[in-house]
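Please look through the sequence and the structure below before reading on.

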Amino acid sequence: MIEKKNIAIIMGGYSSEYKISLTSGNVVYETLDRKKYNPYRIHIFKDKWVYVDDDDLELPIDKNDFSINIDGYKITFDCVFNAIHGSPGEDGYMQGYFELLKIPHTSCGMYQAAVTFNKRDCLSILKPYGIKTATSYYLNLGDIVDENAIVTKVGLPCFVKANKAGSSFGVTKVHKKEDLQAAIAVAFKEDDEIIIESFLNGTEVSVGVITYKGNTTVLPITEIVSENDFFDYEAKYLGKSQEITPARLTPEQEENVNILAKKVYEVLRMTGFSRSEFIFKDGDPYLLEINTVPGLTKESILPQQAAVAGISLADLFDNAIQESLKASLSSHKVE
């Protein structure tokens, strides 16, 4: 008889994305095979880390070893399934914590999470590898805002984005110079660093790359067609967009972006899930950003891509756990 593994599914988080994360985490909880796993829902919030049972009763997490006590029994975990979008699940904090405790987790490493969550740093690292990106201008909270310098560098329209935030929070498309200040204020509500990027007019695609059965695997590409001015929060989560998988690309475009997405994953030495966003300009893919804890509901892009590739949600989640357990085993052998 197979000994079932205890799996902590962490969800929630400290950012504006916590509601989406709770949805993703619950999908994982409902999907995991009960013959192989004992899943536990763990809510991570600034004011509490708790285990939530099926009756919504909460028990505190012992942060010393990430354990819970149920009716006098101490429960520890064989693996953590990370479903926290944004901080602290996507920016390296949880990864560092679990790596110190030597608990396997399904997301990428601490460094990879921190770098990919910081759009400015991530794009800077990838540029020397021939990865094309939009022209950008950086601002930190407290900097003097020179609107003329911004427009001269990136042109109009442009995108004003919070540097470290996900799900299109703190993002504004600016058409007129006099609207820059308001857009910058919106971005500073989410983060104290901003990236302002030139507008790339072209087909937007999302490319999922995962480690599947030991191999770096590029999933079928999704084309994003937003009803709004860009792929904002409404477009992502409130049905204001079409997500077409597989994307309507030429064979050459498809090959180019597949090679590039795989290259990004391997250059950064990623593991686990990743979803890279690109825009085609003059036939070439330009990288916008990388998500390392993408949405995991049935409607989310990466699960849609997996389904087209013939990978069910249960298989997708099972593979993530098995890959993290395998990686942990091999790292212990090295030690």
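Does lysine 132 count as buried, partly exposed or exposed, and at what relative accessibility? Lysine 132 has a relative accessibility of 37%, so it counts as partly exposed. The model it belongs to is predicted.

## Overall build

The chain's secondary structure consists of 10 helices and 17 strands. Its radius of gyration is 20 Å, close to the 20 Å given by the globule rule for 335 residues, so the chain is as compact as a globular protein of that length. Taken along the principal axes, the C-alpha atoms fill a box of roughly 65 × 45 × 40 Å.

Of the contacts in the chain with a separation of 6 or more, 63% are between residues 24 or more positions apart.

## Burial and surface

Among the 335 residues, 54% are buried. The chain has an accessible surface of about 15,600 Å², and carbon and sulfur atoms contribute 50% of that area.

## Charges

There are 48 negative and 35 positive side chains in the chain. The centres of these two sets are 3 Å apart. Side chains of opposite charge can pair when their charged atoms come close. In this structure there are 13 salt bridges.

## Salt bridges between distant parts

One of the salt bridges joins lysine 119 to glutamate 289, with 4.0 Å between the closest N and O atoms. This pair links distant parts of the chain: lysine 119 is in helix α4, which covers residues 119-126, and glutamate 289 is in strand β17, which covers residues 284-291. The two are 170 residues apart. Both lysine 119 and glutamate 289 are buried.

Strand β17 also holds aspartate 284. The side chain of aspartate 284 meets that of lysine 132 in a salt bridge, at 2.9 Å from N to O. This pair, too, links distant parts of the chain, 152 residues apart, with lysine 132 in the loop between α4 and β8. Aspartate 284 counts as partly exposed because its relative accessibility is 29%.

Aspartate 65 has a relative accessibility of 23% and so counts as partly exposed. Lysine 74 has a relative accessibility of 54% and so counts as exposed.

Methods:
Residues are numbered from 1 along each chain as its sequence is written. This is a predicted model: local features need pLDDT of at least 70, side-chain atom pairs count only at pLDDT 80 or more; totals for chains, interfaces and linings use all residues. Side-chain values use heavy atoms; hydrogens and water are left out. Helices (H or I, at least four residues) and strands (E, at least two) are DSSP runs, numbered from the N terminus. The radius of gyration is taken over C-alpha atoms; the globule rule is 2.2 Å times the number of residues to the power 0.38. Buried means under 20% relative accessible area, exposed over 50%, partly exposed in between (1.4 Å probe, protein chains only). Contact means heavy atoms within 4.5 Å. Accessible areas come from the Shrake-Rupley method with a 1.4 Å probe; for residues, only the protein chains shown count as cover. Lys and Arg count as positive and Asp and Glu as negative; His and the chain ends are not counted. The place of a charge is taken as NZ of Lys, CZ of Arg, CG of Asp or CD of Glu.
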